[in-house]
Amino acid sequence: MSTTSLIEKEQSKGIKMLLVAVLCLGLNWPGMKVGLEIVGPVWMVCLRFLLSLPVLALFVLITKKRLPRLNRKDRSVVFVVAFFQFILSMGLITVSLQFIPAGTASILIYTTPLWMLLIDTLWYRQKPPSKRLILTGISTIGCAMILFASGEPGAWLPLFGMLLASALWAVAIRRVSFHKWQGSVIEAVFWQFSIAGMAMLGLALIFEPTPDFINYKWQDWLLLTYIGPVATGLGFGLMVAAGPKLAPDKIVLISTLTPIVGYVSSVVILSENLLPMVVAGAVLMIAALIVNGLPHTTLKRILGKGRG
């Protein structure tokens, strides 16, 4: 088999893996919304991470032929991501999800480009290019449309909670962008989930009543199995595994399907209202996210075809 054929085969495999990951993570939004009816938000985050650990360990066992290890030089970034993204951000997401539609939440969490711009401009004193400023402005308008359409009395606090969760996620992303991994990323995710899961377990035991697991029905366990091992374990595992097989522009394009799947599945499964202004805002946000993530050469090629 030629080198070109091998590369195309790997890319095709990566696309399939990423599409499955997007489907798992997108459908997890209505799944979590329903799950919050049987378990508290802190327990939800705890179970989501702890139940997914066997899946991530299996990923490492298959690819590395050993159990997960924590590289000493990766420890600082592992703890930072575990704290900001998986404890604080995921905790806020799950708490806020009790009070707002799952579809709206799935879109608002993708306001990370706005927070990344603020971090780079205010903290790192970078001067962003005009393209980034314009697209972030468009995304911000889309976000405002979603907020005003969803801002019913009593819902403003959880809506802003989702935005804060997105900002914390952006902090984690920026920290990772400056780090050169010494171990594998999938092993880092395993330890991040372990730290976050154990921390949330401690908080759940203190602040929330222990779920009555003994009296759970098979449907309850099936839902928790989907939220933990399937959506979180398999979803994140496949997303990490697909990364090296695909170019960044393909990853951006495919990953932006996640909020679309989240919103559409929430409307279909949970019968959430399909609000025109939310849809319009989502279109603006997702379009800006896609264009912002595409390389300059790809944009030139697309625009060139359009003029032709």
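Here, buried means under 20% relative accessible area, exposed means over 50%, and partly exposed lies in between (1.4 Å probe, protein chains only). This is a predicted model, in which local features need pLDDT of at least 70 and side-chain atom pairs count only at pLDDT 80 or more, while totals for chains, interfaces and linings use all residues. Residues are numbered from 1 along each chain as its sequence is written, and side-chain values use heavy atoms, with hydrogens and water left out.

Let's start with helix 9, which runs over residues 185–207. Helices are DSSP runs (H or I, at least four residues), numbered from the N terminus. The 23 residues of helix 9 reach 32 Å from the first C-alpha to the last, close to the 33 Å expected at 1.5 Å a residue; that expected span is 1.5 Å times one less than the number of residues.

Among the buried residues of helix 9 are Ile186, Val189, Phe190, Phe193 and Met200, along with Glu187 and Gln192. What covers the buried residues of this helix includes helix 2 (41–50), helix 3 (53–64), helix 4 (75–96) and helix 10 (218–242).

Phe193 turns up again in the largest nonpolar core, where Phe193, Trp29, Phe86, Leu108 and Met162 have the most contacts inside a set of 63 residues. A nonpolar core is a set of buried Ala, Val, Leu, Ile, Met, Phe, Trp, Tyr and Cys residues joined through side-chain atoms within 4.5 Å. In soluble globular proteins, nonpolar side chains tend to be buried together. Leaving aside neighbours within four places in sequence, Met162 is in contact (heavy atoms within 4.5 Å) with Trp29, Ile93, Ser96, Ile100, Ala105, Leu108 and Ile109.

Ser265 sits in helix 12 (residues 257–270). The side chain of Ser265 reaches the backbone oxygen of Gly262 at 3.2 Å, a polar contact being a pair of N or O atoms within 3.5 Å; within protein, one must be able to donate a hydrogen and the other to accept it, and residues adjacent in sequence count only if both atoms are side-chain atoms. Not counting residues up to four places away in sequence, Ser265 touches Gly26, Leu27, Pro30 and Leu270.

Ala155 belongs to the loop between helix 7 (130–150) and helix 8 (156–177). Its contacts, leaving aside neighbours within four places in sequence, are with Ile100 and Ser150. The C-alpha atoms of Ala155 and Phe99 are separated by 6.5 Å, although these residues are 56 apart along the chain.

**Two loop residues with positive phi**

Most residues other than glycine have a negative phi. Arg125, in the loop between helix 6 (112–123) and helix 7, has a positive phi near 55°. Ser271, in the loop between helix 12 and helix 13, also has a positive phi, near 55°.

| Residue | Relative accessibility | Class |
|---|---|---|
| Ser265 | 8% | buried |
| Ala155 | 8% | buried |
| Arg125 | 69% | exposed |
| Ser271 | 58% | exposed |

**A cavity**

The lining of the largest cavity consists of Pro113, Leu135, Thr136, Ser139, Met285, Ala288, Leu289 and Asn292. The elements that give two or more residues to this lining are helix 7 and helix 13 (276–293), and helix 13 gives the most, with 4 residues. On a 1 Å grid over the protein atoms alone, a cavity is a set of points where a 1.4 Å probe fits but cannot get out, and lining residues have an atom within 4 Å of a point.

Notes:
On a 1 Å grid over the protein atoms alone, a cavity is a set of points where a 1.4 Å probe fits but cannot get out, and a pocket is an open set with protein on both sides within 12 Å along at least five of seven lines; lining residues have an atom within 4 Å of a point.
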